[in-house]
Structure formats: structure tokens, C-alpha cells
Amino acid sequence: DRHVSHSREHAQDGMTPIPEPAPMPFPRSRQGEEAPLNSERRHWIELADLNWGLAFLLYTVLGLISAGSIFTNGLASGGHQPYYYPLIWEMTGYYMALSLLPLMVLGFSRVPISRENWFWTIPVHLGISMCIGAAHTGLMYLSRELVYRLLGLGPYDYGHFGYRMLMEYHKQVLHYALVYAVLKGMALYRTNRERERAAAALELKNSELQRQLGQVQLQALRSQLNPHFLFNTLNMISSVMYEDCDRADHMISALSRMLRMSLDDQVGPEAPLRHELEFLDAAAELLKARFGDGIKLEVTCAPGLADVPTPSLLLHTLVENAIKHHQNQSDPVIRVHVRIEAENGSLHLHVLDNGPGIADPDIAVGKGVGLSNTRQRLQALYGDKSTFELENRAEGGLHVHIAFPLRSQAALQPA
């Protein structure tokens with residue numbers, strides 16, 4: 001390899017070759033992975049994580065309860081021992097245990113038990129518990145001896161110290177295991193909370209990315225419509241420009257008004273229905289200049305819907321599509337009726353014309369820019385909550401029905 005060849009080159013030059021690094025005495029984790037022990041330690045409770053005031057209060061209460069239990073047990077047995085003796089014994093016992101608690105926390109955090117290392121960490125903790133138990137027994141004896149002398153109660157008799165250490169260790173090992181279980185539970189709770197927060201943050205980030213992606217897709221679809229309607233309108237103007245200059249001039253004025261509205265920076269994927277009706281009114285002015293009495297555009301809108309968010313340029317696209325495909329020999333007048341109403345929490349848009357209708361809705365949608373673009377935008381904005389239907393009318397013509405959730409203006413997506 002490259003390192004070996006590099007060493008050989010140095011040897012040929014008379015220089016001492018660079019030795020290859022010796023293998024590590026213990027297996028290393030792969031890049032990006034933590035060793036199991038380090039991973040466990042990272043999630044354990046440290047000294048700074050504990051509320052030591054609360055711990056002091058807890059050990060005080062437990063000591064008082066234990067002292068009261070011993071005192072009342074003596075009374076029940078007919079004894080007349082003063083209450084301060086069990087109080088001294090139990091409070092010194094619990095307070096000395098509290099003083100050794102930091103050593104226990106350090107041991108738990110430095111040598112956590114897991115499925116991978118239990119066979120050696122459990123014996124280590126048994127050894128630690130014996131050392132802490134011996135220290136606890138010694139501290140209890142010294143503290144009680146000191147209190148006895150301060151209160152003038154004489155020397156404290158602890159009995160045979162060896163047997164006393166064995167007797168106390170039965171309780172100390174249980175205390176050690178109980179503290180371990182409590183800290184383990186706290187560590188698991190904190191780990192789960194961290195994972196939940198991380199998952200929530202990741203979900204929020206994914207939602208934001210999805211929203212941004214949807215905005216990009218919607219803007220792309222909307223930008224596809226702008227040149228589409230502009231191309232159709234310019235063709236319309238060119239058809240009359242040499243026949244009637246005044247009419248062509250009127251159409252250009254109407255087009256400029258439409259362009260100003262369509263390029264409004266405040267208009268995003270959705271716009272208030274009021275804006276769409278104003279745009280449709282400008283389009284009707286242009287169509288009137290082009291076709292004169294050859295077109296009848298009627299718009300019916302239920303009251304109270306002016307501020308409802310609507311896909312921008314949607315109505316104009318549907319009306320333009322109806323006019324473009326009008327081929328009715330029996331009725332040369334282009335008749336388009338737009339009906340807007342709210343029902344069952346949805347906004348319903350109906351566009352009815354007197355054209356030839358369609359043979360196959362799927363083919364009709366796939367062939368043209370306007371209808372296919374409309375379906376894609378509805379899907380991107382509302383998903384399965386939207387409706388897009390094409391149906392031939394019994395009296396002739398096509399009925400386009402679109403429905404999507406009815407929302408307030410506050411739900412408008414920014415441009």
C-alpha cells in the first residue's frame with residue numbers, strides 16, 4: 001500500500017524506514033460509532049444532574065420515619081428507652097449514607113451495567129458496594145461516638161465491629177441496588193425525552209422541507225401558466241390587430257392589467273377569491289373586445305367568500321380552456337357560466353360551457369397544459385382532500401367541478 005511503498009523509498013535513500021503503527025491492544029469501534037461503555041456513560045446521571053437539596057430532604061424524612069418506627073416498636077415491647085437514642089442512630093445512618101451518595105453516583109456513571117458488559121461490571125459493583133458499605137459502617141460509628149460525647153451520653157457501644165459490618169452490609173447492598181435502579185430509571189427517562197425531542201425536531205425539519213418542496217413545485221406550476229395564458233392572449237390580439245386597431249389597442253390595455261395582476265409579488269400559490277374574480281373580470285374585458293357579442297361570460301358567487309384562499313389563476317385557466325375548445329355549430333355564441341359556492345366545509349367551483357364536451361376525461365386532462373396543470377396544483381395543495389371532475393352536460397357542453405377545503409385568509413401561503 002501507499003504507506004509501505006513510502007517506507008521502502010526511505011530505506012532505499014539510506015534513511016530509517018517509518019515503522020507501521022502497532023495494532024491497538026483492544027478493538028476500536030468503527031468510524032462514527034461509540035464504544036458500548038462510552039455510549040452508556042453518555043446517558044447516565046452525573047453529580048451535577050441531581051437535586052441535592054431534594055436528596056437531603058428525602059434522607060431526612062426517611063431517617064425520621066425509621067427512628068419513629070424503632071421508638072414505637074420499643075414502646076410496644078414495654079421498653080422505656082428515650083426517643084433521642086433511635087433518633088441519633090437513624091439520622092446518623094441516613095446522613096452518612098447521603099454523604100457517600102456522590103461516590104455511588106460516580107461509580108454508576110463510570111461503570112454502567114449493560115447487556116454487553118454485565119459479566120464483569122456486576123462483580124465490580126459488588127466490590128464497590130462492599131467498600132462503600134465498610135466506609136458507611138465506620139462513619140456511622142464515628143459520628144455516633146461524637147454525638148454521644150457531645151450530648152454527654154457516654155461512649156457508644158457498637159458491639160463486635162466485624163459482625164456489625166456484616167449485619168449493616170445486608171441493608172447497604174439493598175440501598176446500593178435501590179439507588180442504582182432509581183438513577184437508571186432517571187437516565188432512561190432523560191434518554192427517552194432527548195430522543196423524543198430529537199424526533200420532534202427531525203419531524204419539524206422534514207415538514208418544513210416538505211413545505212418548501214411543495215412551494216417550489218407550486219411556483220413551477222404557476223410559472224408554467226403565465227407564459228401559457230400570455231401566448232394564447234397574444235395570438236388573440238394578433239388575429240384582430242390588422243382588422244381593427246382600436247379593438248387591438250383595447251385588448252392590449254386589458255392584457256397589461258392582467259399582467260400586472262398575475263405578476264403581483266403578493267400572489268403565491270393561492271390568492272383570495274376576490275383577486276381571482278378581479279383577474280377574471282380583466283380577462284372578460286379582453287374577451288369582450290375580441291369576440292364582442294360572440295361570448296357570454298356569467299359569474300355567480302355566493303356571498304361571504306371574497307377572502308377564501310383559491311389556487312391562483314385557476315378560474316381563468318378553466319374559462320380559457322372552455323373558450324379555446326368551443327366548437328358548437330348550432331350555437332356560435334360562446335357561453336361560459338362560472339358558479340362558486342360553499343358546501344360542507346369545501347369551496348366548490350363549477351365551470352359550465354356549451355362546447356362539444358369530451359369523449360374521455362383522462363385523455364382530455366393529459367393533452368392540454370391548462371387541465372393537467374390544474375390537477376397537479378390541486379394535488380400539491382390539498383392532496384386527497386380536493387376534487388377534480390369533468391362531466392358532459394345533458395344539454396351539451398362540459399361541466400368542470402372542482403372542490404377543496406374551505407379555509408380563512410390567514411391560511412394563505414406566502415408568495
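Two rings of Phe, Tyr or Trp (for Trp, its six-membered ring) count as an aromatic pair if their centres lie within 6.5 Å, with planes under 30 degrees apart called stacked, over 60 edge-to-face and the rest tilted. Keep that in mind for the opening stop.

Before you click, know that this is a predicted model, where local features need pLDDT of at least 70, side-chain atom pairs count only at pLDDT 80 or more, and totals for chains, interfaces and linings use all residues. Residues are numbered from 1 along each chain as its sequence is written, and side-chain values use heavy atoms, with hydrogens and water left out.

**Stop 1: the aromatic rings**

Select Tyr 83, Tyr 84, Tyr 85, Trp 89, Tyr 141, Tyr 148, Tyr 156, Tyr 158 and Phe 161: together they form one aromatic cluster. Across the model, the count of aromatic pairs comes to 16. One of them is Tyr 84 with Tyr 85, a tilted pair at 5.0 Å centre to centre and 40° between the planes. Tyr 84 is partly exposed, with a relative accessible area of 33% (buried means under 20%, exposed over 50%, partly exposed in between, using a 1.4 Å probe and protein chains only).

Now pick Phe 108 and Tyr 176, an edge-to-face pair with 4.9 Å centre to centre and 70° between the planes. Which helices does this pair link? Phe 108 sits in helix H4 (residues 84-110) and Tyr 176 in helix H6, 68 residues apart, so distant parts of the chain are linked (helices are DSSP runs of H or I with at least four residues, strands are E runs with at least two, and both are numbered from the N terminus). Phe 108 counts as buried at 0% relative accessibility, and Tyr 176 is buried too, at 7%.

**Stop 2**

Colour H6, residues 161-238, and find Leu 174 in it. Buried or exposed: which is Leu 174? It is exposed, at 61% relative accessible area.

Next, show the largest pocket, with a volume of about 940 Å³. On a 1 Å grid over the protein atoms alone, a pocket is an open set of points where a 1.4 Å probe fits, with protein on both sides within 12 Å along at least five of seven lines, and lining residues have an atom within 4 Å of a point. The volume is the space filled by probe spheres set on the points, which are joined across faces, edges and corners. The lining has 39 residues, of which Tyr 59, Leu 62, Tyr 94, Ala 97 and His 175 lie nearest the centre. Helix H3 (52-76), H4, helix H5 (118-150) and H6 each supply at least two lining residues, and H6 gives the most, with 13.

**Stop 3: the paired strands**

Select strand E5 (residues 346-353) and E7, which run antiparallel and are joined by 7 bridges (two strands pair if DSSP finds at least two bridges between them). Two bridges to look for are Leu 347 with Phe 404 and His 348 with Ala 403.

All 8 of the 8 residues of E5 are buried, so this strand is largely enclosed by the rest of the structure. In a regular strand the side chains alternate between the two faces of the sheet. In E5, Ser 346, His 348, His 350 and Leu 352 point one way, and Leu 347, Leu 349, Val 351 and Asp 353 the other.

On to strand E4 (residues 334-343), joined antiparallel to E5 by 8 bridges. Here Ile 340 stands opposite Leu 349. In the hairpin of E4 and E5, with 2 residues between the strands, Asn 344 takes a positive phi near 55°.

Strand E6 (residues 387-392) pairs with E7 in the antiparallel sense over 6 bridges, and Leu 390 stands opposite Val 400. Their hairpin has 5 residues between the strands, and Gly 396 takes a positive phi near 105° there.

**Stop 4: His 399**

Finish on His 399 in strand E7. His 399 counts as buried at 16% relative accessibility. Its side chain makes a polar contact with that of His 350, at 2.9 Å (a polar contact is a pair of N or O atoms within 3.5 Å; within protein, one must be able to donate a hydrogen and the other to accept it, and residues adjacent in sequence count only if both atoms are side-chain atoms).
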